[in-house]
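Here's a quick tour for anyone meeting this structure for the first time. Have a look around, then read on.

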Amino acid sequence: MNLNYQHLLPQDFNEDSLVWIYQCNRVFTLSEVLEVEAIVEAFAANWKSHQVPVKGFATVFFGQFIVLMADETAAGVSGCSTDSSVRLMKQLEQQFNVQLFDRQLLAFVVKDKVQVLPMSQLPYAFNNQFITTDTLYFNNLVATKKELTTQWLLPVKDSWVGKRFATNATAS
């Protein structure tokens with residue numbers, strides 16, 4: 001699995017650009033990815049904040065993560081414009097019968113694939129070495145482009161997950 005995504009981000013966006021990551025509870029099919037990408041790209045291209053165009057970017061990474069970015073150097077993102085993006089994600093949930101707001105589902109790279117686990121199963125996953133402190137974790141809490149490029153994919157030991165769940169886990 002090629003985990004190199006940074007080159008796919010817009011180079012002309014400020015490092016402090018705001019980022020929202022919506023993790024799907026399942027991998028989209030290829031045809032769904034193409035459809036979702038078209039929908040979110042159209043949204044980003046027409047995104048407005050108080051009738052002022054937002055410099056936006058949107059895509060789907062790894063068939064499972066919708067990434068939305070706004071460069072506020074041109075125009076700030078208001079509460080209303082953020083609400084419009086949330087409405088879009090809720091529409092996508094209904095249209096594709098997926099969950100994009102379940103923060104209890106965490107994503108890891110296991111055996112060269114994105115694996116989503118409920119938080120309640122993490123102790124079992126650590127105890128049985130399904131996940132170790134070296135397993136890569138998708139830190140969907142990143143809030144800026146800089147964090148997206150440097151802190152989205154982290155070894156568990158460098159994330160809040162490691163601090164909370166991996167106290168007795170060992171690296172492998």
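Does W47 count as buried or exposed? W47 counts as buried, at 2% relative accessibility. Keep in mind that this is a predicted model. Below we go through the sheet, a hairpin, the cores, the aromatic rings and a few loop residues.

**The four-stranded sheet**

- Let's start with an open sheet of 4 strands, in the order β7-β6-β8-β9, with antiparallel pairing.
- Going from one strand to the next, the twist averages 35°.
- Strands like these pair through backbone hydrogen bonds, either parallel or antiparallel.
- Zooming in on one pair, β6 (residues 105-110) and β7 run antiparallel and are joined by 6 bridges.
- If you want a spot to look at, find L105, whose bridge partner in β7 is P118.

**The β4-β5 hairpin**

- β4 and β5 form a hairpin, with 3 residues between them.
- The two strands run antiparallel, and 7 bridges join them.
- How enclosed is β4? Of its 7 residues, 5 are buried, so β4 is largely enclosed by the rest of the structure.
- F62 sits in the loop between β4 and β5, and its phi is near 55°, a positive value in a residue other than glycine.

**The nonpolar cores**

- In soluble globular proteins, nonpolar side chains tend to be buried together.
- Here, the largest nonpolar core has 23 residues, and F28, I66 and L92 are the ones that touch the most other members.
- β1 (18-23), α1 (30-46), β4 (55-61), β5 (65-71) and α2 (79-96) are the elements that give two or more residues to this core.
- α1 provides the largest share, with 5 residues.
- Another core lies apart from that one: it has 18 residues, among them F13, V19, F65 and V109.
- Back to L92: leaving out residues up to four places away in sequence, L92 touches V36, I39, V40, I66, N97, V98 and L100.

**Aromatic rings**

- You'll find 18 aromatic pairs in this structure.
- One of them is F43 with W47, a tilted pair with 5.2 Å centre to centre and 45° between the planes.
- Both partners are tucked away: F43 is buried at a relative accessible area of 16%, and W47 is buried too, at 2%.
- Why do these two count as buried? The cut-off is under 20% relative accessible area, F43 has 16% and W47 has 2%.
- Elsewhere, Y5, F61, F62, F65, F138 and W152 form one aromatic cluster.
- Two of those names have already come up: F62 from the loop between β4 and β5, and F65 from the core of 18 residues.
- A ring can also have a charge over it: the charged end of K90 sits over the ring of F101, 5.3 Å from its centre.

- Where is N97? N97 is in the loop between α2 and β6.
- Its phi is near 55°, a positive value in a residue other than glycine.
- N97 counts as exposed, at 68% relative accessibility, yet N97 is among the residues that L92 touches.
- H50 is in the loop between β2 (48-49) and β3 (52-53), and H50 also counts as exposed, at 62% relative accessibility.
- The C-alpha atoms of H50 and S78 are separated by 7.5 Å, while the two residues are 28 residues apart along the chain.
- L9, in the segment before β1, is buried, with a relative accessible area of 3%.
- L9 and T149 are 140 residues apart along the chain, and their C-alpha atoms are separated by 8.5 Å.
- What is L9 in contact with, leaving aside its neighbours within four places in sequence? The list is F57, F61, M69, K145, L148 and T149.

How values were computed
Residues numbered from 1 in each chain as written. Predicted model: local features only at pLDDT ≥ 70, side-chain atom pairs only at ≥ 80, totals over all residues. Heavy atoms only, no water. Pairing = 2+ DSSP bridges. Axes fitted to C-alpha atoms, helices over the stretch in contact; angles between N-to-C directions. Core = buried A, V, L, I, M, F, W, Y, C linked by side-chain atoms within 4.5 Å. Buried < 20%, exposed > 50% of the residue type's maximum accessible area, 1.4 Å probe, protein only. Contact = heavy atoms within 4.5 Å. Phe/Tyr/Trp six-rings, centres within 6.5 Å; stacked < 30°, edge-to-face > 60°. Lys NZ or Arg CZ within 6 Å of the ring centre and 35° of its normal.
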